[in-house]
Amino acid sequence: YEPIATVYLRRSTRPLPLAMMALRADSQRSPAQFVFDLDSLGVAPSTLAFVVSGAQRWLESGLDHLAEAVAAQAEAVLPSHLARDATRLVHATAERRATFSCVPGLRRPPVVIAPGLMAAGDYVDGPYPATLEGSVRSGVDAARRVVEAAGSA
């Protein structure tokens, strides 16, 4: 499994240009790959969510260290969008089994469970890793198979 961590920082009054933005991440100082403006999305006032996928290496030094690295990254790339007070860090969390690790030889459950019964999700056998797109495509494929099976019956 691979962990995904999220660090929530207080936003200034200035919203991000987009509700979701990709960030340039690296293994040295910039862990987050994405930032979501939760205020713009109507989820949480004045809050930015920084997402770190494949966070195992960062979490080995502790969640506090990861949060500090994300805060420094945010300050470097989005300084005018961050709150200036000492309570800028809202919360940090890590889901240690958020997704499976895409490694050679990985065995995933089949799509067809029984005649007319299909499984769908990012975890079933298919051409995509554990992503939202993989999950959606899996659902569309399962629905197509059910409709085809119903049409041939």
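Ser12 counts as buried, at 15% relative accessibility. This is a predicted model, so please take every number I give as computed from it. Ser12 sits in the loop between strand E1, residues 2–10, and strand E2, residues 20–22. What does the side chain of Ser12 reach at 2.9 Å? The backbone oxygen of Ser80. Leaving out residues up to four places away in sequence, Ser12 touches Ser80, His81, Leu82 and Ala83.

Next, the sheet. There are 5 strands in an open sheet, and the order is E2-E3-E4-E1-E5, with antiparallel pairing. Which strands are at the edges? They are E2 and E5, the latter covering residues 89–99, and each of them pairs on one side only. From one strand to the next, the twist averages 20 degrees. For the pairing of E1 with E5, the sense is antiparallel and there are 7 bridges. Within that part of the sheet, Ala5 stands opposite Ala94 in E5.

Now the core. The largest nonpolar core has 23 residues. Leu9, Val35, Phe50, Val52, Leu66 and Val70 are the ones with the most contacts inside it. Which elements each supply at least two residues of this core? They are E1, strand E4 at 47–53, helix H1 at 56–59 and helix H2 at 63–77. H2 gives the largest share, 6 residues. There is another core apart from this one, of 5 residues, and Val111, Met118, Ala119 and Val124 are among them.

I will take Val35 as an example from the main core. With residues up to four places away in sequence not counted, Val35 touches Leu16, Ala19, Met20, Met21, Leu23, Leu48, Ala49, Phe50 and Leu78. Phe50, in that list of contacts, is also one of the residues with the most contacts inside the core.

Back to H2. The helix has 15 residues, and from its first C-alpha to its last it reaches 21 Å, close to the 21 Å expected at 1.5 Å a residue. Which residues of H2 are buried? Leu66, Ala67, Ala69, Val70, Ala71, Gln73 and Ala74. As a general point, an α-helix has 3.6 residues a turn, so residues three or four places apart point the same way. Please keep that in mind when you look at the list on the model. As for partners, the buried residues of H2 pack against E1, E4, H1 and E5.

Is Phe100 buried or exposed? Its relative accessibility is 15%, and because the cut-off for buried is under 20%, Phe100 counts as buried. Its contacts, again without residues up to four places away in sequence, are Tyr1, Glu2, Leu106, Arg108, Asp122, Tyr123, Pro129 and Ala130. Taking Ala130 from that list, Phe100 and Ala130 are 30 residues apart in sequence and 6.7 Å apart in space, C-alpha to C-alpha.

Last, Ala149. This residue is found in helix H3, which covers residues 132–151. Its relative accessible area is 33%, so Ala149 is partly exposed. Ala149 and Leu117 are 32 residues apart in sequence, and their C-alpha atoms are 9.8 Å apart in space.

Methods. Residues are numbered from 1 along each chain as its sequence is written. This is a predicted model: local features need pLDDT of at least 70, side-chain atom pairs count only at pLDDT 80 or more; totals for chains, interfaces and linings use all residues. Side-chain values use heavy atoms; hydrogens and water are left out. Helices (H or I, at least four residues) and strands (E, at least two) are DSSP runs, numbered from the N terminus. Buried means under 20% relative accessible area, exposed over 50%, partly exposed in between (1.4 Å probe, protein chains only). A polar contact is a pair of N or O atoms within 3.5 Å; within protein, one must be able to donate a hydrogen and the other to accept it, and residues adjacent in sequence count only if both atoms are side-chain atoms. Contact means heavy atoms within 4.5 Å. Two strands pair if DSSP finds at least two bridges between them. Axes are lines fitted to C-alpha atoms, for helices over the stretch in contact, and angles run from 0 to 180 degrees between N-to-C directions. A nonpolar core is a set of buried Ala, Val, Leu, Ile, Met, Phe, Trp, Tyr and Cys residues joined through side-chain atoms within 4.5 Å. The expected span of a helix is 1.5 Å times one less than its number of residues.
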